Amino acid sequence: MRGAPTILHLDMDAFYAAAEQAAKPSLRGKPVIVGGLGPRGVVATASYEARVFGVHSAMAMAQARRLCPNAAYLTPRFSLYRQVSDTVMGLLGALSPLVEPLSLDEAFVDLEAGGVPATSAAARAVGERLRADIAAATGLTGSVGLAGSKMLAKIASEQAKPDGLTLIQPGTERELLGPMPVRTLPGVGPATGEALRRAGIHTVAETREAGEEELVRLLGKAHGASLYGMAWGRDDRPVVAERDAKSVSVEDTFDVDLTDRTRVQVEVARLADRCVRRLRGASRSGRTVVLKVRRYDFSTLTRSETLRGPTDDPTVVREAAARLLEGVDTTAGVRLLGVGVSGLADYTQEDLFAQAAQAAHEAQEDAEGAREAGGTPEPAPAVLEGSDEPDDTARPRRWLPGLDVRHAEYGAGWVQGSGVGRVTVRFEEPWSRPGRVRTFAVDDPALEPGEPLPLIRPAVSDAPEADPAESQVQGQGPGRGQPLTSRP
């Protein structure tokens, strides 16, 4: 563990929900919950206004609705979150060449590698400047932790939430850690926490007092020794700039158990194609195809097939997944399906030929999809949990709450809700007043899926001078009586 606070941990505040509030003026200051909206959905992020009702991440969406029935419940828009994340990661990259992203909204930075003096004053100045730069570039807030190790920097950022900065001074680490719950330490999950609780160990101080020998007896040599060191504030893990992915996978959980065999086969083929798109997006190929099936009773099966060589050919992956499915009984019902590829490698010459051969087939599928878009497609299963992000850049098969739309007459807006052949849209932009609500038929030809707007209004040199009345409402929440989004 280094003495000086040279490790910075950034955690964006309620990231998905905050981005939705920034994008939708009518929701500012209101409880917003983002996640899977079906009966098996889970909360991805809850705004701080929703958290006061007890709603938190990973909670079942059904329970969240009981706790906070008047919140706005929105479908995730990962294309927007990725755009904002890219901006934030760019700011971190300007601080140091050693940036370790943990997710779209969280990362470690080694300030020493960026030439920042190893003093508390210099680290604090960098942290405060970073927070200001993030707010200016995205309109969102992030909490910053500064310490001599990754573990302590993450603990510091948690203490700084929301929208704050905490610096752990060298020499104060053990006193700070002592009264904290043992679950605070990295690697202490529910199972480890329960094992320690049964042994009468509840806090970090009690973990130190138990001694390394006792922890090794309870948890095993590697885990016990590591936990003992962390309880004393020792954490020598370096900031790693790049992580080499070991696999690429996608999975969907379905609102209703799938019992029709043909439907299961169609979903597996669709997942295989999505998996290959992610594989190609990472410029990789793989040689082992993995099928994951979670049945109605939550029992989970995985099957794998190793190919003769790495591939990124969707036909090959699709056929391998289909063969794996042949050996799985799905008649009692399936609640989750997943397809993955492991044993990753760089592109091979054979892969490139396979990709070229597939191009014509994909172009034909795209054309057929475009022709079908004029009709009323059947609903797609909601993506409620899993390792993949839903592709919200394509035309949605349902008007899901929170997604972007554009109307030929009224311009940009977002879906508040839909049902019985109608869709309700609120027309507003991130920099506008809270907008008006209008209702259309779901197949209204003037209504089309839209792209997320930037959260900060783009600078236009020849733009007309802003209306003073409108500029006063930028960045403010709605007035009293402004209706919430309807719940689906």
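Visitor: What share of the contacts in the protein between residues at least 6 apart in sequence join residues at least 24 apart?
Guide: It's 65%, with contact meaning heavy atoms within 4.5 Å. Bear in mind that this is a predicted model, where local features need pLDDT of at least 70 and side-chain atom pairs count only at pLDDT 80 or more, while totals for chains, interfaces and linings use all residues. Residues are numbered from 1 along each chain as its sequence is written, and side-chain values use heavy atoms, leaving out hydrogens and water.

Visitor: How many helices and strands does the protein have?
Guide: 15 helices and 17 strands, taken as DSSP runs numbered from the N terminus (helices are H or I, at least four residues; strands are E, at least two).

Visitor: Why is α4 called roughly antiparallel to α5?
Guide: Helix α4 (residues 78–93) packs against helix α5 (residues 120–138) at about 150 degrees, with the axes 10 Å apart. Angles over 145 degrees count as roughly antiparallel (under 35 is roughly parallel, 65 to 115 roughly perpendicular, the rest oblique), so α4 is roughly antiparallel to α5. The α4 side of the contact is Val-84, Thr-87, Val-88, Leu-91 and Leu-92, and α5 brings Leu-130, Asp-133, Ile-134, Ala-137 and Thr-138. By class, that contact has 7 nonpolar, 2 polar and 1 charged residues.

Visitor: What makes β3 and β4 stand at the edges of their sheet?
Guide: That open sheet has 3 strands in the order β3-β2-β4, with mixed pairing. Strands β3 (43–46) and β4 (72–74) each have a single partner strand, so one side of each is left without a neighbour in the sheet. From one strand to the next, the twist averages 25 degrees.

Visitor: How do you know that β2 pairs with β3?
Guide: Pairing takes at least two DSSP bridges between two strands. Strand β2 (residues 32–35) is joined to β3 by 3 bridges, and the two run antiparallel, so they pass that test. Ile-33, for one, has Ala-46 in β3 as its bridge partner.

Visitor: Why does Ala-58 count as exposed?
Guide: Its relative accessibility is 63%, and exposed means over 50% (buried is under 20%, partly exposed in between, with a 1.4 Å probe and protein chains only), so Ala-58 is exposed. Ala-58 is in the loop between α2 (48–51) and α3 (61–67), and has a positive phi of about 75 degrees although it is not a glycine.

Visitor: What makes Val-420 exposed?
Guide: Val-420 has a relative accessible area of 86%, so it counts as exposed too. Val-420 lies in the loop between β14 (411–419) and β15 (422–427).

How values were computed. Axes fitted to C-alpha atoms, helices over the stretch in contact; angles between N-to-C directions. Nonpolar A, V, L, I, M, F, W, Y, C, P; charged D, E, K, R; others polar.
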